[in-house]
Amino acid sequence: MELELPTINAQIKAIKETIFSDELDPYLLVSPCAYETAWLAMIPDTHQPSKPMFENCLNWILINQNQHGFWGDTDSQGKPTIECLVATLACILALNRWKVGTRMIEKGLAFIHSSQAEKLLKEVIIIKDHCPRWFAIVFPAMIELVQEVGLNIQLKQVLLSDVFRKRQQILETEQLVDDRDYPPLLSYHEALPSSHKIDEEVIVKNLCGAGSLFQSPSATASAFMYTGNEKCLSYLQYLAQRCPNGVPTTYPMDEELIKLWIINNVERLGLAEHFTSEIEQVLEQVYYKSYNTSEELSTKPGSLVALQQQLHRDSLAFRLLRMHGYKLLPRSMCWFLYDEKIKNVIENNHEYFSSVMYNVLRATDVTFREEYELQEAKSFSRKMLEKSILMGAGDARIISFRKL
């Protein structure tokens, strides 16, 4: 049944007044991450330890379990991903911590023991023969934490042995903070075993100005419960206030990236003709704020999370602005090609940059003759994507946005 024109116009007006409103908080468009939200839900109130500090996070868990028993985002076909395995275990921990949601815990454990979960593990560990680094760090830790609180986890040993073996190899060979490994081990503070002792000084030294540990809500929540650091607490309180309906994968985020993502999806859905002036206004703001210059990038990203976000933003901006007639030099996106250290980081951690490299590859579609930098960017991004596809790898802590 087709919608009548007045109804369509009313919906367009409503979108203009929300998504394209200057008063809209862009974080409302970012999907909450079940895993990160669960870690905030585990924090006890400093004044009433028998209650959670962030009750909204616990409530989010209570109303967002999938009908099949898992928590977390699904793939394009509506099926759970390996991220759902760790998210479900974390949500089970949070519910068990506060003795609520008994039936939901049972359904979550049933999913972990289901043939669907077993298929996910087999696909990653046996069929693709590549266990992503993040999964090897986090999944064994969640299994151990769930078992420590007395909940029964029984998975086939053949599926677990390789993951635990890789986790041990990572713990023995990597430094807590290392330029080579992204994200660094310390950014998985919540998943590091008790045998991996960490001095409080090391944690404090690596806090950013706002008080987060590598912009990771889960690592910062764990660091706060371990140290009671006031800067961590301030960060977590502000995050929970800014994102009351579940927290994102990383915080803070590049707000220009969120705006560009909106435009990209409006155009992808074929709706751009209804929002011409709004799109042009956002692109003009982005262009004159960040890209109306012939100078090279003056400051490189200060962290690897920032690198991921900046490359994502610059590649989206380059394609969208050029398609709308703006003049941009290739170097506004290709600056990373001139920094061997950054290239090495991407190559050594390609599984965390696959979504970014996809956007870089798409941006090279708007290339003029003799723009050799873009040809090199196309070759580099294609190489990284082929490597990721071959190894069955994908972004673990990539930003997830709500569906329009």
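Reader: Is Glu-371 buried or exposed?

Author: Buried means under 20% relative accessible area, exposed means over 50%, and partly exposed lies in between, with a 1.4 Å probe and protein chains only. Glu-371 has a relative accessible area of 12%, so it is buried. Please note that this is a predicted model, in which local features need pLDDT of at least 70 and side-chain atom pairs count only at pLDDT 80 or more, while totals for chains, interfaces and linings use all residues. Residues are numbered from 1 along each chain as its sequence is written, and side-chain values use heavy atoms, with hydrogens and water left out.

Reader: Where does Glu-371 lie, and which residues is Glu-371 in contact with, leaving aside neighbours within four places in sequence?

Author: Helices (H or I, at least four residues) and strands (E, at least two) are DSSP runs, numbered from the N terminus. Glu-371 lies in the loop between H17 and H18. Contact means heavy atoms within 4.5 Å. Apart from neighbours within four places in sequence, Glu-371 is in contact with Arg-322, Pro-330 and Val-366.

Reader: Is Glu-370 buried or exposed, and what is the phi of Glu-370?

Author: Most residues other than glycine have a negative phi, and most peptide bonds are trans. Glu-370, found in the loop between H17 and H18, has a phi near 65°, a positive value in a residue other than glycine. With a relative accessible area of 57%, Glu-370 is exposed. Gln-215 also has a positive phi, near 60°. Gln-215 lies in the loop between helix H9 (200-205) and helix H10 (217-227), and its relative accessibility of 14% makes it buried.

Reader: Which peptide bond is cis?

Author: The bond from Tyr-251 to Pro-252 is cis, with omega near 0°. Pro-252 is found in the loop between helix H11 (230-242) and H12.

Reader: How is the packing of two helices described, and at what angle do the axes of H17 and H18 cross?

Author: Two packed helices are described by the angle between their axes and the distance between the axes. Axes are lines fitted to C-alpha atoms, for helices over the stretch in contact, and angles run from 0 to 180 degrees between N-to-C directions. The axes of helix H17 (residues 354-363) and helix H18 (residues 372-390) cross at roughly 145° and come within 9 Å. Their crossing is left-handed, a term used if the near helix is turned anticlockwise from the far one by less than a right angle, with right-handed used if clockwise. Among the residues making the contact are Met-357, Val-360 and Leu-361 of H17 and Phe-380, Ser-381 and Leu-385 of H18. The residues of this contact divide into 8 nonpolar, 3 polar and 2 charged; Ala, Val, Leu, Ile, Met, Phe, Trp, Tyr, Cys and Pro count as nonpolar, Asp, Glu, Lys and Arg as charged, and the others, Gly among them, as polar.

Reader: Is Ser-381 buried or exposed?

Author: Ser-381, in helix H18, has 0% relative accessibility and therefore counts as buried. Not counting residues up to four places away in sequence, Ser-381 touches Met-357, Val-360 and Leu-361. The C-alpha atoms of Ser-381 and His-350, which are 31 residues apart along the chain, are separated by 9.8 Å.

Reader: How far apart are the axes of H12 and H13?

Author: The axes of H12 and helix H13 (residues 276-291) are 11 Å apart, and the helices pack at an angle of about 145°. Their crossing is left-handed. Residues of H12 including Glu-256, Leu-260 and Ile-263 meet residues of H13 including Val-282, Val-286 and Lys-289. By class, this contact has 7 nonpolar, 2 polar and 4 charged residues. Glu-256 is found in helix H12 (residues 255-268) and is buried, with a relative accessible area of 8%. Not counting residues up to four places away in sequence, Glu-256 touches Val-286, Lys-289, Ser-290 and Arg-313.

Reader: How many residues of helix H2 are buried, and what covers them?

Author: Helix H2 (residues 34-41) is mostly covered, with 8 of its 8 residues buried. Their cover includes helix H3 (55-63), helix H4 (82-97), helix H7 (133-148), H10 and H11. Of the 404 residues of the protein, 53% count as buried.
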